[in-house]
Amino acid sequence: MGLLVEYSLAEGQSEAQTAALKDLVSGLKAEGLEGFSYTGYATDDPTRFIGVLEFDDEAAKQRFLDSRAFAAYRDGAGPRFTAPPKTTPITRVASTLA
């Protein structure tokens, strides 16, 4: 189970979003939570970023949502976005990852 997250940024917020995503990932690693992964991507459009989350189960999804790192990311996100992030449920069908 997973989520595709599409971020629409205000002009000039690309560097702030990059820093925020790096902080999110380092914070999640520091918390040592397991059962999920998060990967953030910049696109060739500096106002569009993509996130891919994968969860082992609903409990892992809840650990992510309850994490201090996600709370800090969410609390600082407002000024960077032109709209709330759009989330789409996704299911992995093939991957080179384990």
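This is a predicted model: local features need pLDDT of at least 70, side-chain atom pairs count only at pLDDT 80 or more; totals for chains, interfaces and linings use all residues.
Residues are numbered from 1 along each chain as its sequence is written, and side-chain values use heavy atoms, leaving out hydrogens and water.

Let's start with the sheet. Helices (H or I, at least four residues) and strands (E, at least two) are DSSP runs, numbered from the N terminus. Four strands make an open, antiparallel sheet in the order E2-E3-E1-E4; two strands pair if DSSP finds at least two bridges between them. At the edges sit E2 (36–42) and E4 (86–90), each pairing on one side only.

Now look at E1 (residues 2–8) and E3 (residues 48–55): seven bridges join these antiparallel strands. Ser8 stands opposite Arg48 in E3.

On to the helices. H1 (residues 14–31) lies across E1, E2 and E3, and contact here means heavy atoms within 4.5 Å.

How do H1 and H3 cross? Their axes come within 8 Å, at roughly 160°; axes are lines fitted to C-alpha atoms, for helices over the stretch in contact, with angles from 0 to 180 degrees between N-to-C directions. H1 and H3 are therefore roughly antiparallel to each other, a term for angles over 145 degrees.

Which residues of H3 meet H1? They are Arg68, Ala69, Phe70 and Tyr73, and their partners in H1 include Leu21, Leu24 and Leu28.

Conventions: Angles under 35 degrees count as roughly parallel, over 145 as roughly antiparallel, 65 to 115 as roughly perpendicular and the rest as oblique.
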